[in-house]
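Have the model open as you read.

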Amino acid sequence: MIVAGGGIIGLACAWRLARSGLPVTLFDARELAAEASWAAAGMLAPGGEMDEDNPLTAMALRSLAQYPEFLRELLEASGAAVEYRRCGAVTLAFTEDEAAALEEKAARQTAIGIPSETIAHAGAAAARFYPADALVNPRDMTAALRTACVRSGVVIREYEPVLEILGAGAGIRTSRGEYRGEGVLIASGAWSSGLVTGLVTGLVTGLVTGLDPKTVLPASLPIRGHLIAWQAPTMLLDPILRHADTYVLQRQCRSGRPGRVIAGGSTEYAGFDRTLDERICADIHARAARLLPALAAMGPAERWNGFRPATDGDTPAIGRIPFTSIWTAFGHYRNGILLAPETARMIAESVTAG
Ligand code: FAD
């Protein structure tokens with residue numbers, strides 16, 4: 001099996017496919033996991049993202065439930081521990097209107113299996129605690145996945161972008177030559193459409209999305225997001241704090257020592273422009289300081305941005321293109337870290353079913 005793209009999705013799929021006994025070669029245009037999966041905050045937080053009863057929410061809840069076991073197997077396979085905390089999250093409302101909207105949203109979420117409870121929070125008109133939301137360190141996780149892939153026999157080829165898919169998935173062409181395989185998985189994040197263009201068929205099975213099989217494969221597109229981080233001498237917060245588009249979280253080192261405080265976010269239609277926008281960083285800093293006032297006087301230690309892989313169809317494209325040996329796993333947008341275990345399970349199941 002050939003996997004095009006070594007972010008968290010391509011790595012998780014490659015590991016699961018190799019564990020199913022398939023020979024796997026993983027190609028990346030750069031070094032592995034240097035794009036969205038490196039930029040991500042690492043929230044595993046359906047409570048902050050989902051309030052609709054649809055297949056994507058169901059998939060997110062399945063994936064969240066798999067995390068502890070997935071990480072236990074990953075530790076066994078790689079020997080590398082990954083920071084993971086079921087720390088919960090607190091959503092704040094600052095006005096009476098926001099408080100009413102928060103209550104309504106919580107009622108919808110309770111009905112679809114996302115529990116929360118009212119709590120008191122100084123300075124807020126209302127607050128709710130989401131006990132199931134969690135945190136993982138995506139950079140730890142992709143490093144562990146890389147080791148697990150290598151130990152499972154996955155051949156890794158970095159700085160070798162896939163340029164074209166041959167036939168109906170019989171192989172690929174890169175700048176260095178042609179490679180043949182039993183099938184191809186497109187897991188190139190925001191860049192995936194570049195590989196889809198030119199494919200004879202434009203159809204995808206709706207394994208997750210419930211799409212009609214005749215639905216045209218959605219196009220991938222980048223949605224840029226900035227994050228900023230501070231070095232903190234103590235644990236300033238435990239649960240994730242969030243309000244509207246702003247969130248603040250703190251990592252904890254494996255030794256138990258306080259890790260970096262990270263705040264986001266922004267949603268920008270800027271193509272693949274990697275320029276750091278000072279204005280956006282300053283705005284995130286001001287919004288984060290409203291949630292955690294200690295941040296107001298602290299200077300950020302790091303700022304960065306990345307490209308969330310969105311699709312024009314609003315749902316990820318996960319499944320097999322009918323009548324071909326081409327699978328797709330892209331378009332996870334804001335939740336690719338959360339959705340990685342379940343995406344890998346679904347792809348391995350679909351590929352091994354033949
Ligand atoms: P990527 O990680 O982008 O990987 C795609 C890979 O494909 C790259 O390594 C790239 O080099 C490679 N590639 C591209 N073209 C080719 C080619 N032609 N051939 C071979 N390889 C190719 N999600 C969460 O669940 N929780 C969060 O808290 C969270 N926070 C985020 C914050 C920010 C600022 C951003 C940007 C994203 C965040 N996300 C979060 C979303 C999450 O990061 C993504 O959904 C996820 O990383 C997507 O993984 P991926 O493997 O599909 O894409």
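Helices (H or I, at least four residues) and strands (E, at least two) are DSSP runs, numbered from the N terminus. This is a predicted model, where local features need pLDDT of at least 70, side-chain atom pairs count only at pLDDT 80 or more, and totals for chains, interfaces and linings use all residues. Residues are numbered from 1 along each chain as its sequence is written, and side-chain values use heavy atoms, with hydrogens and water left out.

Pro258 sits in strand 17 (residues 258-264). With 23% relative accessibility, Pro258 counts as partly exposed (buried is under 20% relative accessible area, exposed over 50%, partly exposed in between, using a 1.4 Å probe and protein chains only). Leaving out residues up to four places away in sequence, Pro258 touches Ala232, Pro233, Thr234, Met235, Gln250, Arg251 and Cys253, where contact means heavy atoms within 4.5 Å.

Now for helix 1. It's mostly covered, with 11 of its 12 residues buried; Trp15 and Arg16 are among them. Just after helix 1, Gly21 takes a positive phi of about 100°.

Helix 1 passes helix 6 in a left-handed crossing, meaning the near helix is turned anticlockwise from the far one by less than a right angle. These residues make the contact:

| Helix | Range | Contact residues |
|---|---|---|
| Helix 1 | residues 8-19 | Ile8, Leu11, Ala12, Ala14, Trp15 |
| Helix 6 | residues 138-151 | Met141, Thr142, Leu145, Arg146, Ala148, Cys149 |

Conventions: Axes are lines fitted to C-alpha atoms, for helices over the stretch in contact, and angles run from 0 to 180 degrees between N-to-C directions.
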